[in-house]
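Please open the model in a viewer and keep the selection tool at hand.

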Amino acid sequence: IRGCAVGAMRASGFGADMPDYWQGANREICVMPQIETEKAVDNIAEIAAVDGVDILFIGPYDLTVSAGYDPLSPSPEAAALIARAEDAIRAAGKPMGAVPHSGLDIDGMFGRGYAMVAGASELSLMRGAALAQVAAHRARTGSDR
């Protein structure tokens, strides 16, 4: 079950540029369960077998935290858990997605077998633009404020 905010959601262009969104939504939808707990890793084969699942997305930081590891201090145990998830997804024959993690850049992720890598988000792009504006202001004014 999913909500129906056709005119107020990103997928429909907020109602402005996709007037036929509703008619094609079910044909276009991508079902991407997120693997973010050890229990999910243990059940990847069953999750992948659900009719309609298109891709499995590893949430590396949520997975790391849910297993009790520090996401800011990579550990061999967290890396092994992520590798176990990757192996299980490959074995299930489903495409794999994630955000860059484990010191890998986007090319490294694709080289590791990922079919989808979320390289940027609105938040990261806005943050980058804001930091660029601050840097330009500081350069212009000589201020560190």
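Is R84 buried, exposed or partly exposed? At 39% relative accessibility, R84 counts as partly exposed; in this tour, buried means under 20% relative accessible area, exposed over 50%, and partly exposed in between, with a 1.4 Å probe and protein chains only.

This is a predicted model, in which local features need pLDDT of at least 70 and side-chain atom pairs count only at pLDDT 80 or more, whereas totals for chains, interfaces and linings use all residues. Residues are numbered from 1 along each chain as its sequence is written, and side-chain values use heavy atoms, with hydrogens and water left out.

**The whole chain**

Begin with the chain in cartoon form. It contains 7 helices and 4 strands, in the order α-β-α-α-β-α-α-β-α-β-α from the N terminus. The chain is more spread out than a compact globule, because its radius of gyration is 19 Å, well over the 15 Å that the globule rule gives for 145 residues. Helices here are DSSP runs of H or I with at least four residues, and strands are runs of E with at least two, numbered from the N terminus. The radius of gyration is taken over C-alpha atoms, and the globule rule is 2.2 Å times the number of residues to the power 0.38.

Display the C-alpha trace along its principal axes: the atoms fill a box of roughly 60 × 50 × 25 Å. Of the 145 residues, 23% count as buried.

Among contacts with a separation of 6 or more, residues 24 or more positions apart account for 42%; contact means heavy atoms within 4.5 Å.

**Salt bridges**

Next, show the charged side chains. How many salt bridges does a search of the whole structure find? The search finds 3, a salt bridge being a side-chain nitrogen of Lys or Arg within 4 Å of a carboxyl oxygen of Asp or Glu.

Select D42 and R84, whose side chains meet in a salt bridge at 2.8 Å, N to O. D42 lies in helix α2 (residues 38-42) and R84 in helix α5 (residues 76-92), so this pair ties together parts that are 42 residues apart in sequence. D42 counts as exposed, at 51% relative accessibility.

Move to E86 and R112, which form a salt bridge at 3.1 Å, N to O. Since E86 belongs to helix α5 and R112 to the loop between α6 (106-111) and β4 (116-117), the pair links parts 26 residues apart in sequence. E86 is buried, with a relative accessible area of 2%, while R112 is partly exposed at 28% relative accessibility.

Then select R90 and D87, whose side chains meet at 2.9 Å, N to O, in a salt bridge. Both residues are in helix α5, 3 residues apart, and are separated by about one helical turn. R90 is partly exposed, with a relative accessible area of 39%, and D87 is partly exposed at 47%.

**T64 in helix α4**

Select T64, which is placed in helix α4 (residues 60-66). T64 is buried, with a relative accessible area of 7%. Which residues does T64 touch, not counting residues up to four places away in sequence? They are Y69, D70, P71, A78 and I82. For a distance check, pick the C-alpha atoms of T64 and M126: they are 26 Å apart in space, and the residues are 62 apart in sequence.

**Two loops**

Continue to A118, in the loop between β4 and α7 (122-141). A118 is partly exposed, with a relative accessible area of 31%. Leaving aside neighbours within four places in sequence, A118 is in contact with A98, V99 and P100. From A118 to S75 the C-alpha distance is 23 Å, across 43 residues of sequence.

Finish at S102, in the loop between β3 (96-98) and α6. What is phi of S102 near? Phi of S102 is near 55°, a positive value in a residue other than glycine. Most residues other than glycine have a negative phi. S102 is partly exposed, with a relative accessible area of 45%.
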